[in-house]
Amino acid sequence: MGTEDTKHAFSHLQDQPDVQEDVLVIDFDNLSAIDAVLSNVSEWGCRLTSDDIKSLYKTIGIKGRDANKLVKAHVTSVKGNDAAVVFAKNEKTVADKRREKRNSVNIPVKIADLEGITEISGTIVDAANNGCRVKAQGLTALPEEVLLTMKKFSKPVVAEFAWRNETSAGMRLLWNRTLEEGADDDDGDAADQIDLEVEGV
């Protein structure tokens, strides 16, 4: 259902963090064009790298090597020569799919790798049942899957990065995953899940 919608012109690079492609990026806000390298492609977005990356504003079009159409996207942040980008069409599709609104919240959170070796403190700034956005320093030092620990939750929540840069990230919440991989404690998670959605409404 709706597979068409979740596909984008760079689907062939999806979930292959080391694969790169040269692209042309058009900025619709200031009508500039730059050459960039596209990488870290997911269903949600990608990373763009270029010496001219700071000339980009928010709304862009990305043209692949053999493509005859632009993929519309939004720059969510720029750090050094890298920009974190979310595909515009996909943003809407994912929102439609989950049929839930994001709520602005301000929830302190600890983000750590699954072994608890590296841990950083941050803040969840918007949240819904299936995902949230966090702000913290040093997010790129963490692996793809992490644990989110919040004071109001009885146990950590497993999450994975949809996109990230040094100071903010979009995360998918993996409610069906537990540290024990197979503990059947879904009811408690569901209650926490609802709390996270309504917090701050």
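This is a predicted model: local features need pLDDT of at least 70, side-chain atom pairs count only at pLDDT 80 or more; totals for chains, interfaces and linings use all residues.
Residues are numbered from 1 along each chain as its sequence is written, and side-chain values use heavy atoms, with hydrogens and water left out.

**Overall make-up**

I looked up the secondary structure and found three helices and 12 strands. Helices (H or I, at least four residues) and strands (E, at least two) are DSSP runs, numbered from the N terminus. Of the 201 residues, 45% count as buried; buried means under 20% relative accessible area, exposed over 50%, and partly exposed in between, with a 1.4 Å probe and protein chains only. I then checked the contacts (heavy atoms within 4.5 Å). Among those with a separation of 6 or more, 52% come from residues 24 or more positions apart.

**The barrel**

Which strands close into a barrel, and in what order? I traced six of them, β1-β2-β3-β6-β5-β4, with antiparallel pairing. The twist from one strand to the next averages 45°, using axes that are lines fitted to C-alpha atoms (for helices over the stretch in contact) and angles that run from 0 to 180 degrees between N-to-C directions. Two strands pair if DSSP finds at least two bridges between them. Strand β3 (residues 45–49) and β6 have five bridges, and there I found Leu-48 opposite Ala-83 of β6.

Next I picked Val-37, in strand β2 (residues 33–39). Val-37 has 24% relative accessibility, so I noted this residue as partly exposed. Leaving out residues up to four places away in sequence, Val-37 touches Gln-20, Glu-21, Asp-22, Arg-47, Leu-48 and Thr-49.

Thr-59 lies in strand β4 (residues 59–63). Is Thr-59 buried or exposed? Its relative accessibility is 17%, so Thr-59 counts as buried. Its contacts beyond four places in sequence include Ile-26, Phe-28 and Lys-72.

**Rings**

I searched the whole structure for aromatic pairs and got one. The ring centres of Phe-10 and Phe-87 are 6.4 Å apart and the planes meet at 25°, so the pair is stacked. The rule covers rings of Phe, Tyr and Trp (its six-membered ring) with centres within 6.5 Å; planes under 30 degrees apart are stacked, over 60 edge-to-face, the rest tilted. Phe-10 sits in the loop between α1 (3–6) and β1 (21–27), and Phe-87, 77 residues away, in strand β6 (residues 82–87). Both Phe-10 and Phe-87 are buried.

I also saw Arg-164 over the face of Phe-161, at 4.0 Å from the ring centre. That label needs NZ of Lys or CZ of Arg within 6 Å of the centre and within 35 degrees of the ring normal.

Last, I followed β8 (residues 119–127) and β9 (residues 131–136), antiparallel and joined by five bridges. They form a hairpin with three residues between them. Cys-132 of β9 stands opposite Ala-127, and in β12 its bridge partner is Met-171.
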